[in-house]
Structures are given as structure tokens and as C-alpha cells.
Amino acid sequence: MLTYSLEERGDLPLYDYLSRRIKEDIWAGVLKPGEKLPSKRTFAKNLGVSTITVESAYAQLVAEGFLYTLPKRGYY
């Protein structure tokens, strides 16, 4: 399960911090191509944030081409 320390985010909005950290994990090879990410609800619950925050981070990563989504299957 992905987990990040939200205390390190400084002044960044939560969704932006999460998207940056996920990008770092992609670049570092921690997340492999095609690997399924946690569901929005599971990830949000694990981090103690709202699902809207996770959804915004995932949407930003999809828009930038780092993730893709399959309807009713999740984010990869």
C-alpha cells in the first residue's frame, strides 16, 4: 500500500503533494508500468484524507499521462 507522510508537504495543496509523490515513485521505479494503484477510497482512508483529494491527484496524473484508468477497474 502506498503511504506518504503528509507532514512533509509544506504549503502544497494535498492533491498536488500526492500527485508529486506518485510521480516520484514512478520515476524511481517503485511503481511499475501497468501496476494497479489503490482505489480512491482505500488510499484516502489509509492517508486520512478525503476521497476528493485522492481523486484530484489521480485526475491530475491522468491528465499529465502518468496514469490511465479503466472504468470500474481502477487506476494504473
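1. A crossing of two helices is called right-handed if the near helix is turned clockwise from the far one by less than a right angle, and left-handed if anticlockwise. By that convention the crossing of α1 and α3 is right-handed. The model under review is a predicted one.

2. The geometry of this first pair can be stated briefly. Two packed helices are described by the angle between their axes and the distance between the axes. For α1 and α3 the angle is about 50° and the axes are 8 Å apart. That angle makes α1 oblique to α3.

3. On the α1 side, the contact with α3 is made by L14, Y15, D16, L18, S19, I22 and K23. On the α3 side, T53, V54, S56, A57, Y58, Q60 and L61 take part. Sorted by class, the α1 and α3 contact has eight nonpolar, four polar and two charged residues.

4. Helix α1 itself covers residues 14-28, 15 residues in total. From its first C-alpha to its last it reaches 21 Å, close to the 21 Å expected at 1.5 Å a residue. Its buried residues are D16, Y17, L18, S19, R21, I22, K23 and D25. These buried residues pack against α2 (40-47) as well as α3 (51-63).

5. The second pair is α2 and α3. Their axes come within 8 Å and cross at roughly 120°, and the two helices are therefore oblique to each other. The crossing in which α2 passes α3 is right-handed. From α2, the residues K40, R41, F43 and A44 meet T51, V54, E55 and Y58 of α3. By class, this contact has four nonpolar, one polar and three charged residues.

6. G29 is found in the loop between α1 and α2. Its relative accessibility is 26%, so G29 counts as partly exposed. Between G29 and I52 there are 26 Å in space, C-alpha to C-alpha, for a separation of 23 residues in sequence.

7. K72 deserves a check of its backbone. Most residues other than glycine have a negative phi. The phi of K72 is near 65°, a positive value in a residue other than glycine. K72 lies in the loop between β1 (69-70) and β2 (74-75). With a relative accessibility of 90%, K72 counts as exposed.

8. Y76 and L31 are 45 residues apart in sequence, yet their C-alpha atoms are 9.4 Å apart in space.

Note on methods: Residues are numbered from 1 along each chain as its sequence is written. This is a predicted model: local features need pLDDT of at least 70, side-chain atom pairs count only at pLDDT 80 or more; totals for chains, interfaces and linings use all residues. Side-chain values use heavy atoms; hydrogens and water are left out. Helices (H or I, at least four residues) and strands (E, at least two) are DSSP runs, numbered from the N terminus. The expected span of a helix is 1.5 Å times one less than its number of residues. Buried means under 20% relative accessible area, exposed over 50%, partly exposed in between (1.4 Å probe, protein chains only). Contact means heavy atoms within 4.5 Å. Axes are lines fitted to C-alpha atoms, for helices over the stretch in contact, and angles run from 0 to 180 degrees between N-to-C directions. Angles under 35 degrees count as roughly parallel, over 145 as roughly antiparallel, 65 to 115 as roughly perpendicular and the rest as oblique. Ala, Val, Leu, Ile, Met, Phe, Trp, Tyr, Cys and Pro count as nonpolar, Asp, Glu, Lys and Arg as charged, and the others, Gly among them, as polar.
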